[in-house]
Amino acid sequence: MTHFPHFLRKAAALLFFCACASVFAQSEPQISKFDGEIMREISEAQNDSAKEEIFTNALKDKNAGATLFFNAANFYANKAQYDTAMPLYSQAVSLHKGFFLAQKNLALCAISSNSDTALEELKKAIALCGATDPQLMLQLVRIHVKNADYPSALAACDVALAYEPSSEDLMTARAVCLYETEEFRKAQKVCEVLLAKNQNNEDAWNCLFASVAKQEDYTLAVSLWEAKRKLFPQTTPHGELAADMYFNLKLYSKACALYLSEPALREASAGGKKLIKVAKALYAAGELDECVKFCDDISKTCAAPAGVEALEIRLFAVSAKGAEDADILTLCDEILKLKPSSSYAAFELGKIKLEGAKYLAAAEYFEKSAKDENLFLNSMLLKSRACIGAQRYEDAYLILKKANEKMPSGEISEYLKTLGEFLERRNGLD
């Protein structure tokens, strides 16, 4: 659960070691005369050391009962001495079968101490209360989430919410589970309900933002991210995801600023893929000089494929800056030695051949560069231009038709119309 850290972190804060009567009074033990006398001594003791000594001596007595073991366990549990408390709770349960509060606190101690028996003890406590205790059910949800068993976590949420429909923690847990089971629209609705009641629920904000992003409503997702950043400026995560969305919305300057604000993205050791995002954002934002410098850094510090991809982006940047053909050819050669199938190098070589009126060679290069989805449209347009230069008009028409079928475009439609009319006139003359 990397998206919602607060959800899991709350677990320890919810632990409450209770000595009061349970709603299942019939399963609670009666306090014996011996236990009652010891508890009176405990209440009169001056400090914890004195209380601990009384408990230690009394628990050795054969008359010590379930309530005494239970209260001794509470004493240690409230001091966070879970390993000491757990066997005392266990003894209380063994002395009085169905002792719900003892079993509940045993389960909570096991969870707090990360014991391997946590889930087992928790299930025993849930069985005793008939799954009606929201605190226990929430702990069960958290264990399932920690184990990435989201369907089981969601089922536990639904059971618990039947008894505690207004629980914000359970509703938040349900939203998280819906998100993790890819029910993004349902998760969004639950988060909207939660935030309508409490705008300070940070996990609900995180889940809402991520759910909307997964539905590819980037405009809304970015506005949600910015709203959350105002509420939680110190802890707002997903900077990289928000930057990705700015990039998709063509807000390149904002995307680049966010990419560079992420600590992991500022370090080359974080991985070339993330750094490539920055390079692409710089190129798309028209920051060509900065893009070239950044690509140089990436190619020096990152191995293939990131290093090669940085060279390809650098190639486009220097070309956009109006570099000489000789410089572009040198860079293309460097790229092709590392990656013979580079569509970027093929595209730039095709442009050089086209400008030099070497139309057939240009067409071949554009055919290669068209294999890259991002370069397909421009490659097909330039290939058709090369065919026209070589007076292969029918080929140019078929290329444009193929491009328009795959990626419909108003610009291509106009070219097709114009070229089609030209072919009709020419064929009519023939």
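Residues are numbered from 1 along each chain as its sequence is written. In this predicted model, local features need pLDDT of at least 70 and side-chain atom pairs count only at pLDDT 80 or more, while totals for chains, interfaces and linings use all residues; side-chain values use heavy atoms, leaving out hydrogens and water.

**Exercise 1.** Find where Asn114 lies, and decide whether Asn114 is buried or exposed.

*Solution.* Start with the place: Asn114 sits in the loop between helix H6 (100-112) and helix H7 (118-129). Helices here are DSSP runs of H or I with at least four residues, numbered from the N terminus. Next, take the relative accessibility, where buried means under 20%, exposed over 50% and partly exposed in between (1.4 Å probe, protein chains only). Asn114 has 59%, so Asn114 counts as exposed. Finally, look at the backbone: phi of Asn114 is near 55 degrees, a positive value. Most residues other than glycine have a negative phi.

**Exercise 2.** Locate Ser112 and work out how far Ser112 is from Ala80.

*Solution.* Ser112 is in helix H6. With a relative accessible area of 23%, Ser112 is partly exposed. Now compare sequence and space: Ser112 and Ala80 are 32 residues apart in sequence, and their C-alpha atoms are 8.6 Å apart.

How values were computed. Helices (H or I, at least four residues) and strands (E, at least two) are DSSP runs, numbered from the N terminus.
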